[in-house]
Amino acid sequence: MALQVRKDIPIYTQLIAQIQQRIVSGALLPGERLPSVRDLAAEAAVNPNTMQKALGEVERLGLVY
């Protein structure tokens with residue numbers, strides 16, 4: 001997950017956008033299991049708590065379960 005950190009947008013919001021982009025582009029297929037929070041956090045070079053917050057919001061939006 002190539003994260004271009006912008007100071008004017010919270011990191012978790014940027015992560016949400018990246019996950020949404022993966023879904024729209026087909027990089028994440030319906031029914032496909034997501035990598036673990038730790039794996040995603042390591043890939044994005046962020047704290048696992050930040051990634052968990054982003055994934056929680058993506059789940060709340062109904063994009064993953």
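View 1. On a 1 Å grid over the protein atoms alone, a pocket is an open set of points with protein on both sides within 12 Å along at least five of seven lines, and its lining residues have an atom within 4 Å of a point. A volume is the space filled by probe spheres set on the points, which are joined across faces, edges and corners. In this predicted model, where local features need pLDDT of at least 70 and side-chain atom pairs count only at pLDDT 80 or more, totals for linings use all residues. Residues are numbered from 1 along each chain as its sequence is written. The volume of the largest pocket comes to about 330 Å³. Its lining includes Ile23, the run Leu28, Leu29, Pro30, Gly31, Glu32, Arg33 and Leu34, and also Leu63, Val64 and Tyr65. By class, this lining holds 8 nonpolar, 1 polar and 2 charged residues, where Ala, Val, Leu, Ile, Met, Phe, Trp, Tyr, Cys and Pro count as nonpolar, Asp, Glu, Lys and Arg as charged, and the others, Gly among them, as polar.

**View 2. Helix H2 against helix H3.** Helices are DSSP runs (H or I, at least four residues), numbered from the N terminus. H2 (residues 37–44) and H3 (residues 48–60) pack with their axes, lines fitted to C-alpha atoms over the stretch in contact, 8 Å apart and at an angle of about 110°, on a scale from 0 to 180 degrees between N-to-C directions. H2 is therefore roughly perpendicular to H3, a term for angles of 65 to 115 degrees. From H2, Val37, Arg38, Leu40, Ala41 and Ala44 touch Pro48, Met51, Gln52 and Leu55 of H3, contact meaning heavy atoms within 4.5 Å. These residues divide into 7 nonpolar, 1 polar and 1 charged.

**View 3. Helix H1 across helix H3.** H1 (residues 11–25) crosses H3 at roughly 55°, and their axes come within 9 Å. In H1, Ile11, Tyr12, Leu15, Ile16 and Ile19 meet Thr50, Met51, Lys53, Ala54, Leu55, Glu57 and Val58 of H3. This contact has 9 nonpolar, 1 polar and 2 charged residues.

Methods: Side-chain values use heavy atoms; hydrogens and water are left out. On a 1 Å grid over the protein atoms alone, a cavity is a set of points where a 1.4 Å probe fits but cannot get out, and a pocket is an open set with protein on both sides within 12 Å along at least five of seven lines; lining residues have an atom within 4 Å of a point. Helices (H or I, at least four residues) and strands (E, at least two) are DSSP runs, numbered from the N terminus. Angles under 35 degrees count as roughly parallel, over 145 as roughly antiparallel, 65 to 115 as roughly perpendicular and the rest as oblique.
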